Amino acid sequence: MKYLPLIWSGIWRKPGRTALILLQVALGFALFGVLQGMKSGVERSIANTRADVLYVGPGVFGGTPLPISYADRLKSIAGVKTVLAADGIPTSYQNPKQFVFVLGIVPTDDYLTLLPDIFQVEPKALHALRDTRNGALITQDIGKKYGWHVGDRIPLTSSVLKTDGSGTWDFQIVGMMTDHETGEGGFIVTNYTYLDESRASNKGTVRNFYVVASDPMHAGEVSSAIDRAFTNSPNETQTQSFRELRQQQLQSIGDLNFAIRSIVSAVLVALLFSTAAMMMQSIRERSPELAVLKTLGFSDRSVYAMVVAEGIVVCVVAALVGLALATGVFPYASKFVPGLSMPSDVIGLGVVGAVFIALISAALPASKAARLPVVEALAGR
Amino acid sequence: MRLTKQYGVLLRMSLMGVTARLGLVLTIVIGVTCAVGVLVSMLAMGVGARREALGNVRPDRVVVYSSDAQNTQQSSLAKDVAAQIPYLPGIRRNASGKPIVVFLVGAFVQARYKSGREGGFLVLGVTPGLTDYRPELHMTAGRLFTPGLHELIASNKCATQFENFRAGDRKHVRGSDWAVVGNFDNGTAVGLCTVYADAETVLSTFARNTYNEADVMLESAGQFAAFVDAVKANPALHLKAEHEADIVAENMQQLNGILNFVSFFVGTIIALAATIGAANSLYAIVDSRRRELATLRALGFGAVPIIAAILSESIVLALPGAVIGALVSWALFNGLSASPLNSSFHLAVTPALALLGVGWALAIGAIGGFLPALRAARVPVTAALRAT
């Protein structure tokens, strides 16, 4: 404890220099926090995605959609708790660049409880949707983007044509919903029956089914049982859990692991040199003061420890500042990877890294300070 | 004249002292090396991706697709509409006098990469005339597919990414067996895995009845405006025409945007850290030379030459970092294949990127050296001379 004031005054001997070092190390660790946090955040986000919700789609992407009559066959498969059908059409609002995906569902009460992973909705809005044939639920984001409000009538243009040959679809906004992930373009939810009855082709089909397995532990078996049930039928299926889909979606970030590792090591190497050089310079300038300490009876070991402690305090404080900055950046990073937040283990890792940098970069200056010849240092040589 | 002479002397003194202050000097060099190396390597991803995507683009090639579609994948081109496209003006004719128009339909086939990862490839069904439209395509093995048969040809990239894509292999696609009858190279760029097959066979296999787009080769790039006007003149077609380059660039836009944002975000933070490190080192260098500088001021050296000399020293110390950083990036990453965000390309460390790195280093040196240079010029002469 009695060393604390000494360490403190050592750190602030040159306030400008210390401030710059703090800033530099903080920047390095902010970058570390963002990159490493992104990587761990992706892994955690995969682990948190539900494995018991299965997405049943056509066996071939872009192939013919599945008949809605499959719903009954799906329900009869052992281990299946709930089956929900969904279809969608790509549309645009006012010009082709303003893309809006319209998801058509059968608005049963299952959506209130079962699938918050797709969207969350209040009972009132869901019932309003059920009562309005061409009703639509929108997210706050998309409402703000295009100036839509509940009660508005919106015309959307699609390459999917209606029975009357036109590609203009009208929707009546009846309520709000919350998107689980803030997607880029956003989507709106409407009644499947409206979509299906109005469109000219692919009637009686769906893009996919959502199947919830009764036992999450056995979701994998349910998934293969579904695909087996439809092999060699005209519409083969491919069933994947939400977690598997998420994994594929985020795989690409995982491919950046190598880049992240390279950048993080480059940053750490640069910091290492910087802090080591600065401490070396500081020891050189302070050699008369250190000699006085030794004359007063401080042992070589305690001088060594003091120099190392200075390094640790500076690096750890700076690292914490940097990691706090990184945590503040994360809401913006989640624009690219929905659902990301700063994992706490990355903060721990960062602090350990800071101690590590301090120990390595202080080793040489500290031993120089410890071995300082008192007489020569006092003589100013 | 006097000032430049003073500046020369000061700069020589600064640089002769480099070996005596090796630790501080190395901090600047290594900081800049890391900053430039990281920036150049990250940008090399975007440059490599764009180079490969645009490698084969020609100004006389035009893509025609539905006017209400956001992109070509969403476009659908009915056959009766398609039949009118070859009669549009300005289209080049092949050796036998037929207009060079290729209709194309893309279907995605899910497949597992050799690495075990789930993914897939696009089967492009094309009508006859592919080799007229893409003269850069040359077969490295086997032959072209025969229309009407379940035959396909695959680019050499496919064989490296997936199993069973060598000429002579058989591929199971959508319930039927397809024969891989040939392999080809896509001209200069290696590109993504590309699979071509007969359009009608693809349409019937995937139960579709419309093409996605028409690829048209014009007599010359100058015909483009006339061609676009002809397309617009017939609104019943619901079509639009764009340069091949624009379509490719549009497909690249998202990837490029993300890569560039990440590169400059990361690059700027590292550069800031390097600048602070350089400033700190230079402050220390100036501090250790206080008496020397005060003596010079007493001898009549001006403030301007001192500022200029310290700034120059800072820049001169930053430059080797830029060169080393660019070289390390080139040695480690040039030509390395990367596949972020479901695309696949080789990193390209180009001279232009190296130059950008040098510019970056100059900025780090100049900004980092500015305040220390001011301090050097403001050394209080009497106090510094009296100090021990």
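User: What is the mean pLDDT of chain B?
Analyst: This is a predicted model, in which local features need pLDDT of at least 70 and side-chain atom pairs count only at pLDDT 80 or more, while totals for chains, interfaces and linings use all residues. Residues are numbered from 1 along each chain as its sequence is written, and chains are lettered from A, and ligands numbered from 1, in the order in which they are written. With pLDDT taken as the predictor's confidence in each residue, from 0 to 100, 95% of the residues of chain B reach 70 or more, and the mean pLDDT of the chain is 86.

User: What radius of gyration does chain A have?
Analyst: The radius of gyration is taken over C-alpha atoms, and the globule rule used alongside is 2.2 Å times the number of residues to the power 0.38. Along the principal axes, the C-alpha atoms of chain A fill a box of roughly 100 × 45 × 30 Å. A compact globule of 381 residues would have a value near 21 Å, but the radius of gyration of chain A is 31 Å.

User: What percentage of the 388 residues in chain B is made up by buried residues?
Analyst: A residue counts as buried if 20 or more other C-beta atoms lie within 10 Å of its own, as exposed if 12 or fewer do, and as partly exposed in between, with C-beta atoms placed from the backbone. In chain A, buried residues make up 36% of the 381 residues. In chain B, with its 388 residues, the buried share is 42%.

User: How many Å separate the centres of domain 1 of chain B and domain 2 of chain B?
Analyst: Domain bounds come from an automatic or database domain assignment, which divides chain B into domain 1 (2–54 + 252–386) and domain 2 (61–219). The C-alpha atoms of chain B fill a box of roughly 95 × 50 × 35 Å along the principal axes. Taken over C-alpha atoms, the separation of the centres of domain 1 and domain 2 of chain B is 49 Å.

User: Which elements of chain A do the buried residues of α8(A) pack against?
Analyst: Helices (H or I, at least four residues) and strands (E, at least two) are DSSP runs numbered from the N terminus, and chain A has 14 helices and 13 strands. In helix α8 (residues 219–229) of chain A, the buried residues are A:Ala219, A:Val222, A:Ser223 and A:Ile226. They cover an arc of only 100 degrees, judged by the directions from the helix axis to the C-beta atoms, so they lie on the same side of α8(A). With contact meaning that the C-beta atoms of two residues, placed from the backbone, lie within 7 Å, their partners in chain A are β1 (53–58), α3 (70–75), β3 (80–92), β12 (208–213) and β13 (237–241).

User: Which exposed residues does the face of α8(A) turned away from its buried side carry?
Analyst: The buried side of the helix includes A:Val222 and A:Ile226. On the face of α8(A) turned away from that side, the exposed residues are A:Ser224 and A:Arg228.

User: Is B:Asn164 exposed or partly exposed?
Analyst: B:Asn164 lies in the loop between α5 (156–161) and β6 (170–173) of chain B, and its phi is near 55 degrees, a positive value in a residue other than glycine. Because B:Asn164 has 15 C-beta neighbours inside 10 Å, this residue counts as partly exposed.
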